[in-house]
Amino acid sequence: MNRYNFGFVFTEVTMLIVGKYLLNLGFHPYFYGVITGVCASLIMLKAFKLHPTKATFIVTLPTIVFFTIANSLSFMALKYSQLTSYNFLIQSSLLTVPLLAHWFLKEKIHWLIFPLSLINLIGIALLVSLNQAGFQFGNVLTLLAAIFVGLDFVWQKRAALKINQNIVAFWRRLISSLFLGIFWLMTPSLGTATFSNALILIPISLLYVVFSLLMVRALTVQPVADFNLFITISPVLTAIAAFWLLGETMTLKQIIGASLIVISIIVYNWYRKTKT
């Protein structure tokens, strides 16, 4: 565990609660992504006096592609699924990320990650109730997004180990947001996109600045699989927040599932500490 992980999780939960609330009000999901992404990029560019170049863009291109696809799927999934369901299913990359990190980054796989990931996924199944009719379009989009999130984590770290971390965060956020603009123009019926909406989204973009900067730093100071397991605490916190703030339900099965996720994180961190 480190301060980047905790900061990232807190920021992610805040973003999801705010985002889901605004989408429930009728904000267009891709317009939301365009405004917050472009504004966040401009803030990073100005605040850190960045000098983006063609060379840094090329280094960042793979993570840009994976992030853009994941971002597009995520905004649509968030529109068509419960916040709790979305945030648990997006963690299904638990089993694939260790393998991706080993293949592309040569990171060591700790054997305990897989049984604990299975426990974690059982928790996900309980929380989402996979046997219910609610497991439909939005949940399928979330599972697809999870695959590309894992690829993005790995290639984002590859880029951050070669060039300035802030440049990586800038390029990812800017280019993916511009691509979201294309989807926005193609899907005008998904929600409203007005000037007043944009004014509301501009200050919210500060959350995306913090989110992007914390993510790239968290990935570079630890194995990707460790980071990916730890951030599964986010859906537990999100479920509690959604229950209190958005009126979403939380059953006994979901509470048991959340407990399994927390236990898997605690056990893995204990194991890692005994090996260091």
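Me: Why is Glu-107 called buried?

Reply: Glu-107 has a relative accessibility of 13%. Buried means under 20% relative accessible area, exposed over 50%, and partly exposed in between, with a 1.4 Å probe and protein chains only. Glu-107 therefore counts as buried. This is a predicted model, in which local features need pLDDT of at least 70, side-chain atom pairs count only at pLDDT 80 or more, and totals for chains, interfaces and linings use all residues. Residues are numbered from 1 along each chain as its sequence is written, and side-chain values use heavy atoms, with hydrogens and water left out.

Me: What makes the pair of Lys-157 and Glu-107 a salt bridge?

Reply: The closest N and O atoms of Lys-157 and Glu-107 are 2.5 Å apart. A salt bridge is a side-chain nitrogen of Lys or Arg within 4 Å of a carboxyl oxygen of Asp or Glu, so the pair of Lys-157 and Glu-107 qualifies. Lys-157 lies in helix α7 and Glu-107 in the loop between α5 and α6, so the pair ties together parts that are 50 residues apart in sequence. Helices (H or I, at least four residues) and strands (E, at least two) are DSSP runs, numbered from the N terminus. Lys-157, at 7% relative accessibility, also counts as buried.

Me: How many salt bridges does the structure hold, and what distance separates the closest N and O atoms of Asp-152 and Arg-172?

Reply: The structure holds two salt bridges. Asp-152 and Arg-172 form one of them, with their closest N and O atoms 2.6 Å apart. This pair links distant parts of the chain, since Asp-152 is in helix α7 and Arg-172 in helix α8, 20 residues apart. Asp-152 is buried at a relative accessible area of 3%, and Arg-172 is buried at 1%.

Me: How do you know that Arg-217 has no salt bridge?

Reply: Lys and Arg count as positive and Asp and Glu as negative, while His and the chain ends are not counted. The nearest side chain of opposite charge to Arg-217 is Asp-152, 14 Å away, and Arg-217 is buried yet has no salt bridge. Arg-217 has its place in helix α9 (residues 195-220). Leaving aside residues up to four places away in sequence, Arg-217 touches Tyr-4, Gln-165 and Asn-166, where contact means heavy atoms within 4.5 Å.

Me: Why are α2 and α8 called roughly antiparallel?

Reply: Helix α2 (residues 29-47) and helix α8 (residues 165-186) pack at an angle of about 155 degrees, with their axes 8 Å apart. Axes are lines fitted to C-alpha atoms, for helices over the stretch in contact, and angles run from 0 to 180 degrees between N-to-C directions. Angles under 35 degrees count as roughly parallel, over 145 as roughly antiparallel, 65 to 115 as roughly perpendicular and the rest as oblique. The pair α2 and α8 is therefore roughly antiparallel. Residues of α2 including Gly-33, Gly-37 and Ala-40 meet residues of α8, among them Ala-169, Ser-177 and Gly-181.

Me: What makes α2 oblique to α9?

Reply: The axes of α2 and α9 cross at roughly 60 degrees and come within 7 Å. That angle makes α2 oblique to α9. Among the residues that make the contact are Ile-35, Cys-39 and Ile-43 of α2 and Leu-201, Ser-205 and Tyr-208 of α9.

Me: Why is Gly-138 called buried?

Reply: Gly-138 has a relative accessible area of 3% and is therefore buried. Gly-138 lies in helix α7 (residues 137-160) and touches Ala-77, Tyr-80 and Ser-81, not counting residues up to four places away in sequence. The C-alpha atoms of Gly-138 and Met-76 are separated by 7.3 Å, although these residues are 62 residues apart along the chain.

Me: Why does Lys-49 count as exposed, and what is its phi?

Reply: Lys-49 counts as exposed because its relative accessibility is 62%. Its phi is positive, about 50 degrees, although Lys-49 is not a glycine. Most residues other than glycine have a negative phi. Lys-49 sits in the loop between α2 and α3 (54-79).

Me: What makes Lys-106 exposed?

Reply: Lys-106 has a relative accessible area of 68% and is therefore exposed. Lys-106 is placed in the loop between α5 (97-105) and α6 (113-128), and has a positive phi of about 60 degrees although it is not a glycine.
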